[in-house]
Amino acid sequence: MTATKPECRATLVCMQLTNDMGVAIAERRGVRLTSPDRPVLAGETVTKAQLIAYYDAVAERMLPHVANRALALVRVPNGSRPFFQKHDTGGFPDTMRRVAIELKESEREDHFYVTDIAGVMAGVQMSTLEFHIWGSHIDTLEKPDRIIFDIDPDAGLDFGRVRAAACRIRDVLKEWGLQSYPMVTGGKGVHVIAPLRPVTEWPLVKLFCRTFAQRLEDNEPDSFTANIRKVQRQGRMFVDYLRNERGATAVTPFSTRARPGVPCAVPVGWDELDRLKAANQFDIEAAAERAGQPDPWPDYFELTQSITKGMVEAVAGPLKDLEQ
């Protein structure tokens, strides 16, 4: 399904993002932009310069979510097939900063992070179409400050089922005292995201999220599965809790996607979610227009909620009986 422009019907004119705008913005931001007229994806008309103009338009809203977090990138250089890149392999501009992170094998690998929108634009220059973020900041790496449940529907399920699943997850999280927010992903699904105070380390947060997803399946087996295998979905929603572990990433708000139409991941309000027809209906111009409107997550960064050891024990059992 190609991305459409719902916001253009609600406003007088949709924001126009031109190559000339992108070239001028890159110069102003100090980004060396080559091949500005080149389409960023085979078969599409969106150019690299238009992406620069897009990220400039959404900078104020995007940057608080993406800055100072380790990144994983989806790159599509020179019309190639998209590929996922987590580590620095050289050749990237210095505005894409590096942080050495110890991996499970006790080796350290350089990961990218950005501190300003010029860093994001440098990623665009390096043919990045998707920016995925860790669930923790680089200065509190071992303590996540967000959890995310990615609703991945079985083939053939309509978006109404996805919306209903997101609302159900919202309601169950609220029972645990956690306020959450929806984001359409630019693909098929919805992310339900709850910000946290970074006080609990990854193993306990993952245990809470895994058990939370399993309980959804146990209590509503016709709607949910916590099993990643597609054969297990059978008309249900996979509640992907696996993004809530150290080193896992999820697409950041306002990132473009390497998909037909170059749709965007866009934060929305719960009331608005009920009116949307698909998760990929914001293209770059509609998403840029949206970024200039009131924030549907106005108190996201004000919340002081957290996942405590008591909550983990309440959902998963006594910690002394569990292997961490």
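Modeller: A crossing is left-handed if the near helix is turned anticlockwise from the far one by less than a right angle, and right-handed if clockwise. Helices (H or I, at least four residues) and strands (E, at least two) are DSSP runs, numbered from the N terminus. The crossing of α3 and α9 is left-handed. Before we go on, note that this is a predicted model, in which local features need pLDDT of at least 70 and side-chain atom pairs count only at pLDDT 80 or more, whereas totals for chains, interfaces and linings use all residues. Residues are numbered from 1 along each chain as its sequence is written, and side-chain values use heavy atoms, with hydrogens and water left out.

Biologist: At what angle do α3 and α9 pack?

Modeller: Axes are lines fitted to C-alpha atoms, for helices over the stretch in contact, and angles run from 0 to 180 degrees between N-to-C directions. Helix α3 (residues 48-57) and helix α9 (residues 284-291) meet at an angle of about 20°, and their axes are 9 Å apart. Angles under 35 degrees count as roughly parallel, over 145 as roughly antiparallel, 65 to 115 as roughly perpendicular and the rest as oblique. The helices α3 and α9 are therefore roughly parallel to each other. Contact means heavy atoms within 4.5 Å; here α3 contributes Gln50, Leu51, Tyr54 and Ala57, and α9 contributes Ile284, Ala287, Ala288 and Ala291.

Biologist: Which classes of residue make up the contact of α3 with α9?

Modeller: Ala, Val, Leu, Ile, Met, Phe, Trp, Tyr, Cys and Pro count as nonpolar, Asp, Glu, Lys and Arg as charged, and the others, Gly among them, as polar. By this scheme the contact of α3 with α9 has seven nonpolar residues, one polar and no charged ones.

Biologist: Which strands pair with β8?

Modeller: Strand β6 (residues 146-153) pairs with β8 in the antiparallel sense over six bridges, and Ile147 stands opposite Ala194 in β8. Strand β7 (residues 181-184) is also antiparallel to β8, over four bridges, with Met183 opposite His191. The strands β7 and β8 form a hairpin with five residues between them, and Gly186 in the turn has a positive phi of about 85°.

Biologist: Where do the side chains of β8 point, and are they buried or exposed?

Modeller: In a regular strand the side chains alternate between the two faces of the sheet. Buried means under 20% relative accessible area, exposed over 50%, and partly exposed in between (1.4 Å probe, protein chains only). From β8, Val190, Val192 and Ala194 point one way and His191, Ile193 and Pro195 the other, and all are buried.

Biologist: Which residues other than glycine have a positive phi?

Modeller: Among them are Asn68, with phi of about 60°, and Val262, with phi near 50°. Asn68 lies in the loop between α4 (59-66) and β1 (69-75) and counts as partly exposed because its relative accessibility is 30%. Val262 lies in the loop between β11 (250-251) and β12 (266-267) and counts as buried, at 0%.

Biologist: What does Thr252 contact beyond its neighbours within four places in sequence?

Modeller: Thr252 belongs to the loop between β11 and β12 and is buried, with a relative accessible area of 0%. Its contacts beyond those neighbours include Met62, His65, Phe131 and Met183. Ala258 is found in the loop between β11 and β12 and counts as buried at 17%. The C-alpha atoms of Ala258 and Val76 are separated by 7.9 Å, although these residues are 182 residues apart along the chain.

Definitions and conventions: Two strands pair if DSSP finds at least two bridges between them.
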